[in-house]
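Visitor: Hey, I've got a structure open and I'd like someone to walk me through it. Can we take it bit by bit?

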Amino acid sequence: MRPPRSLIAGLLLTAILVAVIALVQRRPQCAAFVPDRIAYLEKVGWEAYYDRDWPRVLALMVQMNRTQFCMSWLDAALGALDIVRAAATFAPLDNDMAAATQHLTNFYVRARTAAGLRTDAAALAALEMNYWVVHRDLAMARKAAPRHAGDIAPMVAALESLHAALFNAPAAAIRRSAEKRAQAAATVDRITGGYSEDVAADWRAIEQLLQEAYRAVSPTSIAIK
């Protein structure tokens with residue numbers, strides 16, 4: 001006796017749903033740290049952020065979450081929403097800092113679980129927010145200063161604290177990573193501040209600086225040293 005078609009259809013639908021759930025919850029292979037890929041995603045993420053292209057920021061953050069934090073597709077998407085909401089809340093000058101920080105905390109809860117980070121989510125969110133604030137303050141100061149001068153040492157310090165919480169690397173590597181990423185951020189400020197003399201060249205320089213930043217904390221580079 002054949003089973004009824006409704007039963008077959010139900011079993012097929014169940015199998016499809018199980019497959020979809022397994023796919024979105026599956027974590028990527030994260031044995032290899034790919035610094036150049038992370039650098040590229042951060043660079044184009046900056047471009048999208050300053051264009052206020054939130055759908056593109058969201059798509060790029062999903063990729064970043066998969067690449068850097070080993071998140072499943074589901075967690076990567078939800079984490080990307082957390083980051084976009086944090087960035088969109090922080091973007092206005094009269095922003096809601098507490099709300100933006102809470103969105104970052106939600107993101108780092110996912111990142112900490114997926115990547116096995118040692119530092120708790122609230123502390124990571126506070127360090128990330130501190131970097132955002134320091135970067136914004138220095139960008140505004142450089143734009144207003146003669147010849148757009150500005151000391152990036154506070155941003156290096158903020159990134160050094162954040163990177164020490166994110167990466168398992170020697171202090172010297174953490175410092176170099178923070179310096180290069182701060183230099184990249186300062187170069188972004190030339191573009192967004194409207195005083196870049198060659199925007200395309202500056203974006204290329206930004207990606208190169210970010211490559212150096214993430215190569216510094218790459219497990220492969222640390223092992224070679």
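This is a predicted model: local features need pLDDT of at least 70, side-chain atom pairs count only at pLDDT 80 or more; totals for chains, interfaces and linings use all residues.

Visitor: What about the largest nonpolar core, which residues have the most contacts inside it?

Guide: That core has 60 residues, and the ones with the most contacts inside it are Trp46, Tyr108, Tyr131, Trp132, Met155, Leu166 and Ile206. Among the elements giving two or more residues to this core are helix 2, helix 5 and helix 9.

Visitor: Pick one of those. What does Leu166 touch?

Guide: Not counting residues up to four places away in sequence, Leu166 touches Phe69, Tyr108, Leu117 and Leu124.

Visitor: You mentioned helix 2 and helix 9. At what angle do they pack?

Guide: Helix 2 (residues 35-50) and helix 9 (residues 199-216) pack at about 140°, and their axes are 8 Å apart. That angle makes helix 2 oblique to helix 9. The crossing of helix 2 past helix 9 is right-handed.

Visitor: Which residues meet there?

Guide: On the helix 2 side they include Ile38, Lys43 and Trp46, and on the helix 9 side they include Ile206, Glu207 and Leu210. The residues of this contact split into nine nonpolar, one polar and six charged.

Visitor: New topic: Asn65. Is Asn65 buried or exposed?

Guide: Asn65 counts as buried, because its relative accessibility is 0%. You'll find Asn65 in helix 3 (residues 54-69).

Visitor: So what is Asn65 in contact with?

Guide: Leaving aside neighbours within four places in sequence, Asn65 is in contact with Cys70, Met71, Ala76, Gly79, Ala80 and Phe107.

Visitor: Last one, Met97. Where is Met97 found?

Guide: Met97 is in helix 5 (residues 97-115). Its relative accessibility is 33%, so Met97 counts as partly exposed.

Visitor: And what does Met97 touch?

Guide: Not counting residues up to four places away in sequence, Met97 touches Phe90, Met129 and Val133. As for Ala86, it lies eleven residues from Met97 in sequence, and the two are 9.0 Å apart in space, C-alpha to C-alpha.

Notes:
Residues are numbered from 1 along each chain as its sequence is written. Side-chain values use heavy atoms; hydrogens and water are left out. Axes are lines fitted to C-alpha atoms, for helices over the stretch in contact, and angles run from 0 to 180 degrees between N-to-C directions. Helices (H or I, at least four residues) and strands (E, at least two) are DSSP runs, numbered from the N terminus. Angles under 35 degrees count as roughly parallel, over 145 as roughly antiparallel, 65 to 115 as roughly perpendicular and the rest as oblique. A crossing is left-handed if the near helix is turned anticlockwise from the far one by less than a right angle, and right-handed if clockwise. Contact means heavy atoms within 4.5 Å. Ala, Val, Leu, Ile, Met, Phe, Trp, Tyr, Cys and Pro count as nonpolar, Asp, Glu, Lys and Arg as charged, and the others, Gly among them, as polar. Buried means under 20% relative accessible area, exposed over 50%, partly exposed in between (1.4 Å probe, protein chains only). A nonpolar core is a set of buried Ala, Val, Leu, Ile, Met, Phe, Trp, Tyr and Cys residues joined through side-chain atoms within 4.5 Å.
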